[in-house]
Amino acid sequence: MSLSMKPATPCTFPTTTRPAKHVSVRCCTLTQTAVRPLKMSLDTHQPAVKSWEHLLDPLDYDPMASLFTCRAVKLGNKWKEYLGVKNWEGLLDPLDENLRGEILRYGSFVEAAYRSFNFDSSSSSYGACRYPKSTLLARSGLHQTGYRLTRHLRATSGIRLPRWVEMAPNWVATKSSWIGYVAVCQDKEEIARLGRRDVVIALRGTATGLEWLENFRATLTPVPNADTKPTHHDDGDSDDSEPMVETGFLSLYTSGTDEVPSLQEMVREEISRLLQTYGDQPLSLTITGHSLGAALATLTAYDIKTTFKRAPMVTVMSFGGPRVGNRSFRCQLEKQGTKVLRIVNSDDLITKVPGFVLEEEDADVPKDQKVYVAGLPSWIQKRVEDTQWVYAEVGRELKLRSRSCPYLKNINVATCHDLKTYLHLVNYS
């Protein structure tokens with residue numbers, strides 16, 4: 001394929017099993033006709049990725065294997081709007097084309113994290129990253145991004161296991177594993193296009209046995225060193241409850257070993273270094289993740305804004321993320337100025353757990369009125385409120401629906417939650 005255009009935001013298009021075909025490609029702001037091989041391999045030496053997130057091949061094509069680059073869209077002075085400074089007002093319905101491109105771009109960073117993880121439980125390096133920092137993006141299918149990896153990130157489970165577990169298979173006993181990376185935009189032309197230097201933290205979803213167990217620790221627990229001052233809401237009510245988050249997610253974020261620092265320590269150390277290096281420049285911090293990675297992205301954003309009082313604009317772009325914390329946690333995020341865009345497939349059950357949501361904001365419901373879970377008697381609802389199971393949704397929501405997608409081969413739990421499904425739905429919503 002030969003086009004006289006500068007490489008830019010990747011977009012995806014449906015393919016078939018035929019070796020080549022003329023296709024009409026919608027790429028953010030223009031339509032272009034091109035001829036290219038439609039089923040190409042990213043790395044002939046890399047094994048197929050296998051994980052609970054990739055149990056099935058949900059699409060008739062592989063979006064990462066059919067990336068198409070087109071003319072870059074210069075965001076200029078509007079870059080803050082695409083990162084949510086105005087809470088994405090007027091950009092979500094219908095989905096703004098420039099925002100669509102940015103969501104796909106950040107989603108590709110998360111897919112690269114999946115492709116870089118060693119899922120082979122028979123390997124001595126199970127749970128590690130398969131590639132060095134210098135080649136990770138390229139070998140994961142992302143070429144000419146303008147970003148350079150600066151730090152590998154690991155997450156550690158805080159669950160105490162009996163000694164006999166050391167004899168168990170790797171996928172059961174692995175306590176600490178590679179979960180993502182930090183990358184910084186270094187290309188001058190890309191910095192000019194984006195309107196600032198961008199820092200990305202990309203986090204994969206659940207992969208190991210202990211991460212699964214942490215996911216099931218679904219009760220809420222207080223956030224250490226949180227601001228416990230009463231928070232006044234828009235409806236005039238005062239909330240004196242403390243910020244609380246899901247126990248398992250907090251464990252994976254804050255736990256470490258003598259050999260491996262916690263994810264929290266790694267993030268703080270790297271962000272501190274980057275702020276010292278680039279703090280005098282226009283700077284953004286975008287944290288993106290899928291599933292468990294989406295939950296950890298929200299915790300990471302909260303922690304960064306709590307730790308660094310002069311932190312740059314922090315935005316979370318989460319794909320298929322579960323609930324993270326209670327209403328007080330959500331209010332603290334809003335108070336900090338953290339922006340969260342939740343990309344949600346309405347058919348994805350993971351986005352509806354854990355816990356209960358007894359109170360939701362709705363344009364059709366007065367703010368002083370509570371919206372309760374349908375069908376629950378009042379005495380049960382009161383009991384639920386008194387337990388540590390009451391969660392609150394955070395940020396703005398971009399709602400998608402997999403059942404409306406003609407390219408999905410199967411509609412099931414795995415299909416609806418897969419990151420490739422999310423990227424496809426964003427591209428064609």
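User: Which residues are exposed on the other side of α8?

Analyst: Glu-269 and Gln-276 are exposed there; the term means over 50% relative accessible area, whereas buried means under 20% and partly exposed lies in between (1.4 Å probe, protein chains only). The model is predicted, and local features need pLDDT of at least 70, side-chain atom pairs count only at pLDDT 80 or more, and totals for chains, interfaces and linings use all residues. Residues are numbered from 1 along each chain as its sequence is written, and side-chain values use heavy atoms, with hydrogens and water left out.

User: What makes the span of helix α8 agree with its 16 residues?

Analyst: A helix is a DSSP run of H or I with at least four residues, and a strand is a run of E with at least two, numbered from the N terminus. The expected span is 1.5 Å times one less than the number of residues. For α8 (residues 263-278) this gives 22 Å, and the end C-alpha atoms are 22 Å apart, so the two values agree.

User: How do you know that the buried residues of α8 lie on the same side?

Analyst: The buried residues are Leu-263, Gln-264, Met-266, Val-267, Glu-270, Ile-271, Leu-274 and Tyr-278. They cover an arc of only 155° around the axis, and therefore lie on the same side of α8; the arc is taken from the directions from the helix axis to the C-beta atoms. Their packing partners include β7, α7 (247-254) and α9 (292-307).

User: What makes Leu-252 count as buried?

Analyst: Leu-252 has 1% relative accessibility, and therefore counts as buried. This residue of helix α7 is in contact with residues including Ala-155, Glu-211, Leu-263 and Leu-296, its neighbours within four places in sequence being left aside.

User: Why is Trp-212 called partly exposed?

Analyst: With a relative accessible area of 32%, Trp-212 falls in the intermediate class, so the term applies. Trp-212 is located in helix α6 (residues 209-215).

Terms used. Contact means heavy atoms within 4.5 Å.
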